Amino acid sequence: MSGRVLVVDDNEAIRRLIRVNLELEGFEVVTAADGAECLEVVRRVKPDVVTLDVMMPRLDGLRTAAQLRAQQQTARLPIAIVSACTPADLDRGESVGVDGYLGKPFDPEDLVALVRRLMAKREGEGFAYGFGDGR
């Protein structure tokens, strides 16, 4: 299974760690440093799955997830929170429709399993972007 994953985290070392682990499993990885950049990048790269940290400058992960869910083009895009989450973060994530969670620190195998599960969900639902280009 392959696909494109957009990894959003303000910590460059974490972005690199996630990128390496996913690329070793055959995924194409694109990164963004915060939620505002994510919203810009998602239209350009059309990822199959997005992973979001919660605590980020400009636009945090939960508000980013809510904005992705609010846009028709990305409303069904699989989203995972990869963060040191509090119970309140988990509740907020559930309320905006996040599809999965992985706590930091994480086992790379768990990361890959989560992305594969969300990739399968995406394929099973026949998700397509509404940007008018057929994808």
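Helices (H or I, at least four residues) and strands (E, at least two) are DSSP runs, numbered from the N terminus.

**Provenance.** The model is predicted: local features need pLDDT of at least 70, side-chain atom pairs count only at pLDDT 80 or more, and totals for chains, interfaces and linings use all residues. Residues are numbered from 1 along each chain as its sequence is written, and side-chain values use heavy atoms, with hydrogens and water left out.

I listed the buried residues of α2 as G35, C38, L39, V41, V42 and V45. Buried means under 20% relative accessible area, exposed over 50%, and partly exposed in between (1.4 Å probe, protein chains only). Their cover includes β1, β2, β3 and α3. The helix α2 lies across β1, β2 and β3 and runs at about 165° to β1. Axes are lines fitted to C-alpha atoms, for helices over the stretch in contact, and angles run from 0 to 180 degrees between N-to-C directions. Contact means heavy atoms within 4.5 Å.

**After α2.** K46 follows α2 and has a positive phi, near 50°. I place K46 in the loop between α2 and β3, and K46 is buried, with a relative accessible area of 14%. R58 also has a positive phi, near 65°, without being glycine. R58 sits in the loop between β3 and α3 and is exposed, at 59% relative accessible area.

**Sheet.** I read the strand order as β2-β1-β3-β4-β5, an open sheet of 5 strands with parallel pairing. Two strands pair if DSSP finds at least two bridges between them. β2 and β5 (100-103) stand at the edges with a single partner strand each, so one side of each has no neighbour in the sheet. On average, neighbouring strands of this sheet are turned by 20° against each other, direction ignored. I checked β3 and β4, which run parallel and are joined by 3 bridges. V50 has I79 of β4 as its bridge partner.

**Cores.** The largest nonpolar core holds 21 residues, and L6, V8, C38, V50 and L52 have the most contacts inside it. A nonpolar core is a set of buried Ala, Val, Leu, Ile, Met, Phe, Trp, Tyr and Cys residues joined through side-chain atoms within 4.5 Å. At least two residues of this core come from each of β1 (4-8), β2 (28-32), α2 (35-45), β3, α3 (61-70) and β4 (79-83). The most come from α2, with 5 residues. I noted a second, separate core of 17 residues, which includes L102, F106, L111 and V115.

**L6 and T51.** Leaving aside neighbours within four places in sequence, I find L6 in contact with residues including C38, V41, V42, V50 and T51. T51 lies in strand β3 (residues 49-52) and is buried, with a relative accessible area of 1%. With the sequence neighbours within four places again left aside, T51 is in contact with V5, L6, V7, V8, A80, V82 and V115.

**Cis bond.** I found a cis peptide bond between K104 and P105, with omega about -10°. P105 is in the loop between β5 and α5 (108-125).
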